[in-house]
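Trainee: I would like to learn how to read a model like this one, feature by feature. Could you walk me through it?

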Amino acid sequence: MKPLRTKPASAKTSRRLVALALGLGLASAALGTALPASAQDAAAPSGTAAGYARYAGSAENAANNKAFFDAVLRSVAERQAAHPNLKAVTVYYNASQAPSFRSQISSAASIWNSSVSNVKLQATSGNGDFAYYEGSDPQGSYASTDGHGSGYVFLDYAQNRQYDSVRVAAHETGHVLGLPDHYSGPCSELMSGGGPGPSCTNRYPNANERARVNQLWANGLAKALKQAQAAH
């Protein structure tokens, strides 16, 4: 299993904060499986495929994970502040750039929607709070943000062929909802990611993970909403 990575910042662009990933990327050649025809030239969004540092449990990685969640939280809070009549808290995602994983992404959203009560995921064809992309990256799948409320989840082909693809999508979506990786955890923990190995096919968050997401979206959103309302 490859460890978690963060991506170094670029001096020419806005600092991109790479959040926590499954860290299990394998080159497709090693698997002996050809990429789908539609995926031959696909790649991560600009600047995301290069140069990750190996994860060493650093404070920087924890900060990057929090930055991704905060960006999504802020995006949702700004929409709520602009439309105070909205009762339900909804996180909108656009999966149009990950057509090969449309079913897995939908399943991951359904899993989370059936698991937590304080936030719901909903697909949109327009601007969402985050987006999914697909392609080939030897470092695997990951969640990222540019620090300006625009986040995305990148799903790697090779990794999704070796590991349960719905688990991969649900795991990465867990970062969107505020959960960090916990590779040393058992298969029953969704956020243990690839730690338990390819044989683990559990796609559901456990009770602690569900409770944590509900807590984050009750307390965290209230604080973000207060800040957004003050800004308005």
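Mentor: Gladly, and let us begin with burial: a residue is buried under 20% relative accessible area, exposed over 50%, and partly exposed in between, with a 1.4 Å probe and protein chains only. Cysteine 187, with a relative accessible area of 28%, is therefore partly exposed. This is a predicted model, where local features need pLDDT of at least 70 and side-chain atom pairs count only at pLDDT 80 or more, while totals for chains, interfaces and linings use all residues. Residues are numbered from 1 along each chain as its sequence is written, and side-chain values use heavy atoms, with hydrogens and water left out.

Trainee: What is the partner of cysteine 187 in the disulfide?

Mentor: A disulfide is a pair of cysteine sulfur atoms within 2.5 Å. Here cysteine 187 pairs with cysteine 200, and the sulfur atoms are 2.0 Å apart. The structure holds 1 disulfide. Cysteine 200 is buried, at a relative accessible area of 4%.

Trainee: Which hand does this disulfide have, and where do its two cysteines lie?

Mentor: The torsion about the S-S bond is about 85°, so the disulfide of cysteine 187 and cysteine 200 is right-handed. Both cysteines lie in the loop between helix H5 (165–176) and helix H6 (207–231), so the pair ties together parts that are 13 residues apart in sequence.

Trainee: How do you assign those helices, and how many helices and strands does the chain have?

Mentor: Helices (H or I, at least four residues) and strands (E, at least two) are DSSP runs, numbered from the N terminus. The chain has 6 helices and 8 strands, in the order β-β-α-β-α-β-α-β-β-β-β-α-α-α.

Trainee: Now the aromatic residues, please. How should I read a pair of rings?

Mentor: A pair of aromatic rings is described by the distance of the centres and the angle of the planes. Rings of Phe, Tyr and Trp (its six-membered ring) pair if their centres lie within 6.5 Å; planes under 30 degrees apart count as stacked, over 60 as edge-to-face and the rest as tilted. The structure holds 8 aromatic pairs. In one of them, tyrosine 133 and tyrosine 152 have ring centres 5.6 Å apart and planes at 80°, so this pair is edge-to-face.

Trainee: Which residues form the aromatic cluster?

Mentor: Tyr133, Tyr142, Tyr152 and Phe154 form one cluster.

Trainee: Finally, which residues does serine 115 touch?

Mentor: Leaving out residues up to four places away in sequence, serine 115 touches Tyr204, Pro205 and Arg210. Serine 115 belongs to helix H3 (residues 102–115) and is buried at 15% relative accessibility.

Technical notes:
Contact means heavy atoms within 4.5 Å.
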